[in-house]
Amino acid sequence: MAPVDEPNECTGLLTPTSERRSKRRKRTPTPLPLVQIWVVLLLQVVEPITGQSIYPYINQLISELDITGGDEKRVGYYAGLIESLFFATEAITVLQWSRLSDSMGRKPVLLIGLFGTMLSMFCFGLSRTFWALVLSRCLTGLLNGNVGVMKSVMGDLTDSSNRAEGMGLIPAIWSCGAAIGPVIGGTFARPHERFPGVFDNWFWVEYPYFLPCLISGICAFAGFLLTLCVFKESSPRRQKYIRSVSDDSIETLVSYKHSEPVPLRALFVYPVILSISNYVADAFLNISFAALFPLFCAMPREIGGLGMPPSTIGYIMGTYGAVCGIFQFFFFAKTIRFLGERRVFLNGMMLYPMVFALFPLISLCAGTWLAWVGIALIIISLVFMDMSFGSCAIFMYLTASAPNKASLGATNGLSQTVVSISRAIGPAFATSMFSVSVENNILGGYGVYALFFTLSVLALYLAIQIPEEVWEEDD
């Protein structure tokens, strides 16, 4: 992972970066365990489906609950709170789930998370009060530590010779879920209005948003069955043998000492801290955009929005997910090998300021074809930005920074805890700043975009600090 070597005449400053890069690129990639990799990838689809299916209709749902007193300008406050609660509660438990997966095993933790996701989605769809929505989203975060655990599984199943190929599949599959989730939410919300010949029962009138939650919950249940029947335990402590990649590619027994997780305080070293800091900055901007964009699309044009219905918002977000998934599947690994992890990450971070600058321009062109050109530019930018996001380039730094394989769960748990805090803050902060900007007419109502433009520039400065090469690791 990220060992500290004693200096001698063969190490340290006498080993040039270019020599390490050449050695790594010449190394024969270890074959990927495809069955287990694809099981994990299919589980990855569940997360964005359940998480993002609420985005197309959450603003309309908040308006219908009448907690804003009919003031559309205040919708952002409550919508952001609902979107943030999952990450806030996840931050409380994700480190414990990840550390538990190091000792108890990845499989049981994954099963608990999938069952909790299914249960909470059903509760969300049956909620008819604001506080019922709050409790159901909190339940999702408390029971689900799978985001960090699945990344640990990918770290277990790959090494430095094949990680680009393995990680390159994650964003592609995630994007499929990100495409499916909003389409489910936008298409099946209020089915008694969209499909009156099929969903004309009183139940669908009383619970107009249960159908997209039901479909999402069924996806989680399918993931539960797949994990139960097909997935094999990957945690090093739960296996007698793990692969130690060397020049002759032999399988060796790893000593108990090296397979023991390190204490939590031992994770606070420079490689881990720098990787997590960049992951947090990227995640904060990403989740803030994810909350801000559907709000921007849903709000009336009179207050700087585009006045779109949930179905249109769902199709736009679904298109982004589909385009991103196709691009990542075919080009991520090749791009990483050609440009390197650092350059891919920096290129993605450089696009955030431009994306936030496009919002007011699109608003000024609302109702014309130029607005759709601006949305298309955002989608194209997001495709390249997502290559830098946590499951892609920066995650390769994070995986390599762990002290050893047995501590990978704790390392990912620590990162996911901090990232969950930033994701909890991001949606509520972004949507609240939208409402504040509109209510107080800050920069003509566009003050929120100026703020995030500035934050994006600061995040880019932090990204520049990461090293040219991923840290050396013990496979």
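**Close-up views of a predicted model**

**View 1. A nonpolar patch on the surface of the predicted model.** Leu34, Trp38, Ile326, Phe329, Phe330 and Phe331 form a nonpolar patch on the surface, with about 610 Å² of accessible area together. Patches are made of residues with over 30% relative accessible area and no salt bridge, like charges being joined within 9 Å and nonpolar side chains (Val, Leu, Ile, Met, Phe, Trp, Tyr) within 5 Å. A salt bridge is a side-chain nitrogen of Lys or Arg within 4 Å of a carboxyl oxygen of Asp or Glu. Accessible areas come from the Shrake-Rupley method with a 1.4 Å probe, and for residues only the protein chains shown count as cover. Two or more residues of the patch come from each of helix H2 (34-52) and helix H13 (310-339); H13 gives the largest share, 4 residues. Helices (H or I, at least four residues) and strands (E, at least two) are DSSP runs, numbered from the N terminus. Trp38, found in helix H2, is partly exposed, with a relative accessible area of 35%. Buried means under 20% relative accessible area, exposed over 50%, and partly exposed in between (1.4 Å probe, protein chains only).

**View 2. The salt bridges around Arg190.** A search of the whole structure finds 2 salt bridges. In one, Arg190 pairs with Glu64, the closest N and O atoms being 2.9 Å apart. This pair links distant parts of the chain, 126 residues apart: Arg190 is in the loop between helix H8 (163-188) and helix H9 (191-194), and Glu64 is in helix H3 (residues 55-64). Arg190 also forms a salt bridge with Glu193, with 2.7 Å between the closest N and O atoms. Shared partners join Glu64, Arg190 and Glu193 into one network. Arg190 counts as buried because its relative accessibility is 16%, whereas Glu64, at 35%, counts as partly exposed.

**View 3. The largest nonpolar core.** A nonpolar core is a set of buried Ala, Val, Leu, Ile, Met, Phe, Trp, Tyr and Cys residues joined through side-chain atoms within 4.5 Å. The largest core has 84 residues, of which Ile82 and Phe124 touch the most other members. Helix H12 (residues 270-298) gives the most to this core, with 17 residues. A second, separate core of 26 residues includes Val109, Leu111, Leu157 and Leu169. Beyond its neighbours within four places in sequence, Ile82 is in contact with Ile58, Ile62, Phe124, Phe130, Leu133, Val134 and Arg137. Contact means heavy atoms within 4.5 Å.

**View 4. Gly374 in helix H16.** Gly374 lies in helix H16 (residues 369-385). Gly374 counts as buried because its relative accessibility is 7%. Apart from neighbours within four places in sequence, Gly374 is in contact with Leu358 and Ile362. From Leu358, Gly374 is 16 residues away in sequence and 6.7 Å away in space, C-alpha to C-alpha.

View 5. The chain averages a pLDDT (the predictor's confidence in each residue, from 0 to 100) of 78, and 81% of the residues score at least 70. The pLDDT stays under 50 over residues 2-18 and over residues 240-258. Where pLDDT is low, the predicted coordinates should not be read in detail.

**Notes to all views.** Residues are numbered from 1 along each chain as its sequence is written. In this predicted model, local features need pLDDT of at least 70, side-chain atom pairs count only at pLDDT 80 or more, and totals for chains, interfaces and linings use all residues, while side-chain values use heavy atoms, with hydrogens and water left out.
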